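Have a look at the model first, then read on.

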Amino acid sequence: MRRITFFMIVVVSFLTVTTAKAKKSEIIDFVHPLCWYSGMENHVFQLLIHGDHISDMTPSLENAGNVKIEEVVKVDNPNYLILYLNADGANPQQFQINLVNGKHKASFSYELKQKSAFNRKSFDSSDVVYLLMPDRFANGTTENDVVPGMREAVCDSNIPLARHGGDLKGMTDRLDYLADLGITAIWPTPVLENDMEVESYHGYAITNYYKVDPRFGTNEDYRNFVSQAHLRGIKVIKDLVFNHCGSFNPLFTDMPQKDWFNFDGQYVQSSYRTAAVADVNASKFDKSRTVDGWFVKTMPDWNQKNRLVKDYLIQTSIWWIEYAKIDGIRQDTYPYCDFDAMVEWCERIEKEYPGFNIVGEAWINNNVGVSVWQKDSKLAERNSKLKSVMDFPLMSLLNYVCDENTDSWDHGFARLYEYLGQDGVFADTSHLLTFLDNHDTDRFQKNENMANDTIRYKQALALLLTLRGIPQLYYGNEVAMAANKAKGDGALRQNFPGGWPGDKNNAFSRQGRTELQNWYFNTTRNLLQWRKTNKAVHYGKLTHFHVRDGVYAYARTYKGKTVTVFINGTKESVTLGLEPYQEVLPAPSAMNIINHQTVALTDTLVLKPKEVIILDF
């Protein structure tokens, strides 16, 4: 007899293997999920057990109360045994799972915890989301920069695509900075284990869905990060990846069966033509090659049509909601996933956690294409059940309308007026994630010259924070970080200044910021702190006016509260007649949030070149 231990997060569970002669083939390597929860709406859950040649062992439960074995699934690979357990009426408890084959016996303890009450509010249009990359935001401790035994052993900030050492401690230590800025939700790119040979920093090649990457910290560190964020009134959105995993994930290196991955685990490149998925005229081949093809060679494509795969992935998200008390999910590469599997996922999450928000990355460059991915779309043949989608077309517009001289028809803010005039294609514009940039695009400030154009940023930020949707900032927007994709992804994802020991420029503090960085920070903070309590820009109806004299005007109205915005898209001063705007000017004067001065609203309004005025009634 010998005893092998493995960890189930909080509880240390023991595996005891009894045999006439202990052999390696009888050792259980891992069990997923690490624990489960009683009181779920869906009482049945999947338990995936991996160990050498365990498929022929007969499972039974001991001291399990109302927990019962619903189904035993044996797959092609003898190293797996998959159980479906029914916990209907079961209390929180520990029980024993025994596996027997003749004289050979393996047993381990498993815990059923109490499901938590989901009494917190998920993220919505009242929030401003801050997207950051954990490896590039702040290095809280150098002790985990390199973890012995992991495949990528390089941590060097001078190498753009290597790991740079940012971690959960660094993120947690900077929560006060984000709270002061006015952020109300944080979206870190994936923090789960990416034990890959190169470029593991970005997190999108997951090798263990139940384990935080040790170079970021531990599962407990992540849970502490969420808890500390909540203490500061900040929600946490978890970035998940269901379309693919990393090629060193044990479920790929030792596949349960070939059809766990598309093309039987053989690399076939995706076409990336996501528009084909919802295209009523698209060929079956084009749709299949988009969805079933692999994102890249090192990221095998999950076959979510396989019931076992689908259940495995769905349970990972439920487990993290319970374990870490996250407030929302961002799902990567959404249209590349199996449509029906993702519908079921959205439905199961909503059933367990009513009101929980999920935003899907649907990188499509027209509003009709984006709209079909949103729940209750008026244009889609099938209902995705996905509440929130990312408004990539608006991002593109915001990146150049501020650079054009606005006319009344088709340049500058006239383009924005035309786009927003098509909002009827969306089922719910309040659930569009809006942004200026992210970790996959040019930064809004593409170079230093653009960063020095403070008026450009002020205009774009004002639009982002006062138009419909859920605004998202990319880390460093608030301190004039600049980069363009032509220089590679590493340039887009550079270290936040001040996040590493020895940084000369510490943008986390007023004293450490340059004059330009302080202007950006103060401008961003002013609008974010104001927006936090303004329900008109959270939930208000959008009313806009066609461009007059180069000025775009719009208002948000909600339960007697009005915010009205005038933005001059020309390089000339404009004296604007106010007669057309009386319906959104409920008082003869109002505070301009930009400079905190009172503006008298008589017959005309004078706007300086490129001026933005935000009137709070």
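Let's start with helix H7 (residues 284–292), whose buried residues are Thr290, Val291 and Asp292. Buried here means under 20% relative accessible area, with exposed over 50% and partly exposed in between (1.4 Å probe, protein chains only). Helices (H or I, at least four residues) and strands (E, at least two) are DSSP runs, numbered from the N terminus. The cover over the buried residues of H7 includes helix H6 (275–278).

Before going further, a word on the ground rules. This is a predicted model, so local features need pLDDT of at least 70 and side-chain atom pairs count only at pLDDT 80 or more, while totals for chains, interfaces and linings use all residues. Residues are numbered from 1 along each chain as its sequence is written, and side-chain values use heavy atoms, with hydrogens and water left out.

**Cores and helix packing**

Helix H12 (residues 413–420) has Phe413, Ala414, Leu416, Tyr419 and Leu420 as its buried residues. Covering them are, among others, helix H10 (367–371), helix H11 (392–398) and H14, along with strands E21 (541–548), E22 (551–558) and E23 (561–568).

Leu416 turns up again in the largest nonpolar core, which has 172 residues; Leu416 is one of those with the most contacts inside it, a group that also includes Tyr130, Phe137, Tyr222, Trp345, Phe496 and Ile614. A nonpolar core is a set of buried Ala, Val, Leu, Ile, Met, Phe, Trp, Tyr and Cys residues joined through side-chain atoms within 4.5 Å. Helix H8 (residues 307–324) gives this core its largest share, 11 residues. Another core, of 19 residues, lies apart from it, with Phe566, Leu576, Ala590 and Val599 among its members.

How do H14 and H16 sit against each other? The axes of helix H14 (residues 454–466) and H16 come within 11 Å and cross at roughly 20°. Axes are lines fitted to C-alpha atoms, for helices over the stretch in contact, and angles run from 0 to 180 degrees between N-to-C directions. H14 and H16 are therefore roughly parallel to each other, a label for angles under 35 degrees. On the H14 side, the contact (heavy atoms within 4.5 Å) involves residues including Tyr457, Leu461 and Leu465, and on the H16 side residues including Trp519, Tyr520 and Leu527.

**Salt bridges**

Side chains of opposite charge can pair when their charged atoms come close. With a salt bridge taken as a side-chain nitrogen of Lys or Arg within 4 Å of a carboxyl oxygen of Asp or Glu, the count comes to 32.

| Pair | N to O distance |
|---|---|
| Lys169 and Asp173 | 2.9 Å |
| Glu220 and Arg223 | 2.8 Å |
| Asp440 and Arg493 | 2.9 Å |

Lys169 and Asp173 are 4 residues apart in helix H2 (residues 168–173), so about one helical turn separates them. Lys169 is partly exposed at 43% relative accessible area, and Asp173 is partly exposed at 40%. Glu220 and Arg223, 3 residues apart in helix H4 (residues 219–231), are also separated by about one helical turn. Glu220 is partly exposed at 41%, and Arg223 is partly exposed at 23%.

Asp440 and Arg493 form a salt bridge that links distant parts of the chain, 53 residues apart. Both Asp440 and Arg493 are buried. Finally, Asp239, Arg330, Asp332 and Glu361 are linked in a network of salt bridges.

Definitions and conventions. Parallel < 35°, antiparallel > 145°, perpendicular 65-115°, else oblique.
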